[in-house]
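This report describes a structure in terms of its chain contact, its core, its sheet and some backbone details. The sequence and the structure come first, and the description follows.

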Amino acid sequence: MRPEIQEYNYDWMMGSTLKAAAALPTGTKKETELTYRYIPYYKNVAQSFYSAGAPGVQTLELLAKYYENILTAHAQGKKICATTFCNSPVILYAMDIVPVTFEILTAIGAMVWKRGMFDYMDFCCETGMPETSCSSQRGAQGAVLSGLSENIDFVICDTPGVCDTNANAFAYLSEYLDKPFFQLNYPSCIGDDRSQKYHVDDYKEMIKFAERHSGNKLDYDRLAEVLEEVNKQDAMIADLEDMLMLKPTPVPPIYNLALYAGRFCFSGHPQYTKLLESMVKTAKGYADAGISGLKSKEEKLRVFMCYIDHYTVNVNFYNYMEERGIANVGSILSRNFRDNNLYVKDMPGSSYSVDMSSPEAMLDTIAQMNARLPMVRSIRGPYDKKGMWLEESLACAKMYNADCMIYNGTPGCRNTWGMVKPFARDIEKHGYPCHIMNDDAFDDRVESWDATRERLDEFFKVRGLL
Amino acid sequence: MKVFNDAATRVQCDSITRWKKEGKPVVGYTCSYTPAEIFYAADILPVRLRGIETDGMEVGDTYFGPFICSFPKCILQLAGKGKFSFLDGAIITPGCDGMRRLDECWRKAGEDFDGIVPDYFYYFDVPHKSENHGMAWYIEEVKELIKSVEKHFNVSITNEKLTAAIKAFNKGRRLLNEIENLRSKDEIVVSGTDVFAATIAGTVMPRDEYTKELKKWVTALKKRKTSLSKNKHRVMLVGSISDEIDLFELIEDTNKAIIAGENLCFGIRYEGNEIKEDGDPIEALADHYLGTSVCPRMYGKYKERLAMLKERIERSQAAGVIMQNIRFCDLHGAENALFERDLEAIGIPCLRVEREYGPHIDAGRMKLRINAFLERIDAKNDHKLSEAVAVSA
């Protein structure tokens, strides 16, 4: 790791950067222009968020707040839990525990810095993690392992049975730092009584673990408050989902990122409610005017990202979509599978509902919600089985009027690279041109953004899509 | 030993051919979490699927993506080439992400290559934890598997038959344990390569035939006097799945080392443990196959695995540990790093090496690394000796 990187606490560095960025638009034009001169590498990403209007700035505020929570947790007597994006932070907020979601932190660093998270990723490998493991954890994990971030107190992951590289990263971290570890484990099916029961049984064990290591007993009144907030958020997410179906969609591409990043950071927290309100308001404005959410206002193509987006420097991927007039109708990360979404109608057993009538009902709610987070919901079993990835992707592509599908992940995504070729072939059989990106969503060294962009252009051209 | 070598080095060994000639079914399985006793109880030959004898990867690479371990790819390659045509059934288990995706890749390859997917193709869903509900899930899975086998093959698998199967398998397990005892002595009379071949044979041969052959071999081993370990370093081999005799030969052909023990998915680590013969046989199977699991897919159990490895190192008197992982096997790759840290800290030399499964195209590189490692152990011993001399002087 370069010596200059070791000079700063990673959480502080990112938190300060985001906080300053969120404050910048409040200054005068002169102040803003002057500041840009001092942040040449960060200017482009900041401008990308500013140009998304109020929701863009609120996204920066939300992310800055996330770091602030991490940085102040211990001083406030709170415990910090390292966790993964497919484990909802709702229960942690209900128990006054501060989550550190590795994939989010890695994505932020990758988008904000020219050198991305390379130093941290590489440090992680220096400690012994294989270089073939997933970059989405390796970035933030490297910061934690190197002692350059806030100390974590315990680890909870929910990817065993779904993603080995993800689960392995957290298991490794806990052993390396000798921190308590809990894994939620998912069976290969969903929606049947047996798997539903397993979700609840496992979740109850997780709560016991969190209580033991945080010293906080789960307060069901507090859980009800948090779930009430989730209820509000889910209604607005459903509104945004509905607007994504409109043609042209009034939802700008970068809103997808804000929608799920906010959910992974602050589900059940008012900070996310505020962001959603802002996004819904702006998108509704476009919808009422009958215009596209793209800056060019001309929607040329609708793309469904059947896995994840691309997060390297300057949010290049979202800007590329803007430049080409491509509407991003979401990814596996955007969908929450709440029962008020239209896309769940074609997939019985796939959704969760919110019931706050009793502690047991709330536990069931939260366990089933958690089991329907991205990846753990539909990558858990064979892709062509009931309720799994193929069915979900086709239902979404149809519902959102997608013109094509694109797979993007990291080389560490063994769970999808294991079968993405036959998956893509099946997608094509259903009439959707499908492109497999060979890059790393978090690491430009695997394939440069220039090469990735060329390949995307080639795909759109060869398939007659643009 | 000849029969074991045949079983260990050929996908369709003579024992399988003979079994098939009797008109009896064969079911392949991919993972050590599958209770082979179920098939024995139904007079079906359980055969652990392997990737040896692969001479290309055009089928494996067509369906699997590029970032996948070569072991499941080799199995798919063999399936695509018709090498598993003797199978009447296959059980796929989510041992890891690569292995679980063999399910889709094999089925999808079957759409392009006629007849390569056995009529009976079953996904056996093994949880990643053995406590409470994890164990309950596994027991239900075993019961479902039994029902499914009964229905497809028109057989009956009773508790009595399962208990008899457990007893039959335990006979072999006890014999393998005797071999471990022999290997733990100061002078080792059997090569690690031969022991591994005998262990692998147990995963493909009809069990009664295997036990009979094993008994003969163990009796013969007990009479052996010639030490094979003299002037050699006793090493232990651990890490990613391996059923390759070549890997063992590569180490022992240096003539500087003997493999005194291994901690591999195909090795004695599972085969050496007996299963309870009384009580509910399904629970006994579950206790063994899930409950005593030492695979890194069982996240959060590192300390148990480290303790077991230390015990094995002590028992085998290993002077060093060779840790290998197949490229893209992050589970063993990461765990090997932790093992290295913790074992080196207590003075046990370790070699950590990444490799490909299949034809040993990187045998030269591996040899170089292994030789360098053995020299390191030499140097350590020389240092100890000089220290002892200095103290006595």
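## Basis of the description

Helices (H or I, at least four residues) and strands (E, at least two) are DSSP runs, numbered from the N terminus, and in that sense the loop that holds Asp96(A) runs between α5 (90-94) and β2 (98-101) of chain A. The model is a predicted one, and the values below are computed from it.

## Contact between the chains

Between the two chains, 36 residues of chain A are in contact with 34 residues of chain B. On the side of chain A that touches chain B, the elements giving two or more residues are α9 (164-177), β4 (181-183), α10 (193-214), α17 (414-417) and α18 (420-429) of chain A. The most is given by α9(A), with eight residues. By class, the residues on this side of chain A comprise 18 nonpolar, 11 polar and seven charged.

## Nonpolar core

The largest nonpolar core contains 285 residues, and the residues with the most contacts inside it are Phe304(A), Leu76(B), Ala201(B), Val235(B) and Val321(B). Helix α12 (residues 253-266) of chain A supplies the largest share of this core, 10 residues. When residues up to four places away in sequence are not counted, Leu76(B) touches Val59(B), Gly60(B), Tyr63(B), Phe64(B), Leu102(B), Cys105(B), Trp106(B) and Ala109(B).

## Helix packing in chain B

In chain B, the axes of helix α9 (residues 159-183) and helix α14 (residues 281-291) come within 9 Å and cross at roughly 40 degrees, and therefore α9(B) is oblique to α14(B). On the α9(B) side the contact is made by Asn159(B), Leu162(B), Thr163(B) and Ile166(B), and on the α14(B) side by Pro281(B), Ile282(B) and Ala284(B). The contact of α9(B) with α14(B) has five nonpolar and two polar residues, with no charged residues.

## The parallel sheet of chain A

In chain A, four strands form an open sheet with parallel pairing, in the order β6-β5-β7-β8. The edge strands of chain A, β6 (326-331) and β8 (434-436), each pair on one side only, and the twist from one strand to the next averages 25 degrees. Strand β7 (residues 404-407) of chain A pairs with β8(A) in the parallel sense over three bridges, and Ile406(A) stands opposite His435(A) in β8(A).

Gly330(A) is found in strand β6 of chain A. Because 28 other C-beta atoms lie within 10 Å, Gly330(A) is buried. Leaving aside neighbours within four places in sequence, Gly330(A) is in contact with Leu244(A), Asn256(A), Phe304(A), Met305(A), Arg335(A), Cys396(A) and Tyr400(A); one of these, Phe304(A), is also among the residues with the most contacts inside the largest nonpolar core.

## Buried helix residues in chain A

Tyr67(A) lies in helix α4 (residues 54-73) of chain A, and counts as buried because there are 25 C-beta neighbours inside 10 Å. Not counting residues up to four places away in sequence, Tyr67(A) touches Asp11(A), Met14(A), Gly15(A) and Leu18(A).

In helix α7 (residues 118-127) of chain A, the residues Phe118(A), Asp119(A), Tyr120(A), Met121(A), Phe123(A) and Cys124(A) are buried. The cover over the buried residues of α7(A) includes α8 (135-145) of chain A.

## Backbone details

Most residues other than glycine have a negative phi, and most peptide bonds are trans. Against that background, a cis peptide bond joins Lys247(A) and Pro248(A), with omega about 0 degrees; Pro248(A) lies in the loop between α11 (220-245) and α12 of chain A.

Asp96(A), a residue other than glycine, has a positive phi near 60 degrees, and because 16 other C-beta atoms lie within 10 Å, Asp96(A) is partly exposed. In chain B, Glu53(B) likewise has a positive phi, near 65 degrees, and lies in the loop between β2 (45-48) and α4 (58-63) of chain B. Glu53(B) is partly exposed, with 16 other C-beta atoms within 10 Å.

Technical notes
Residues are numbered from 1 along each chain as its sequence is written. Chains are lettered from A and ligands numbered from 1 in the order in which they are written. This is a predicted model: local features need pLDDT of at least 70, side-chain atom pairs count only at pLDDT 80 or more; totals for chains, interfaces and linings use all residues. Axes are lines fitted to C-alpha atoms, for helices over the stretch in contact, and angles run from 0 to 180 degrees between N-to-C directions. Angles under 35 degrees count as roughly parallel, over 145 as roughly antiparallel, 65 to 115 as roughly perpendicular and the rest as oblique. Two residues are in contact if their C-beta atoms, placed from the backbone, lie within 7 Å. Ala, Val, Leu, Ile, Met, Phe, Trp, Tyr, Cys and Pro count as nonpolar, Asp, Glu, Lys and Arg as charged, and the others, Gly among them, as polar. A nonpolar core is a set of buried Ala, Val, Leu, Ile, Met, Phe, Trp, Tyr and Cys residues joined through C-beta atoms within 7 Å. A residue is buried if 20 or more other C-beta atoms lie within 10 Å of its own, exposed if 12 or fewer, and partly exposed in between; C-beta atoms are placed from the backbone. Two strands pair if DSSP finds at least two bridges between them.
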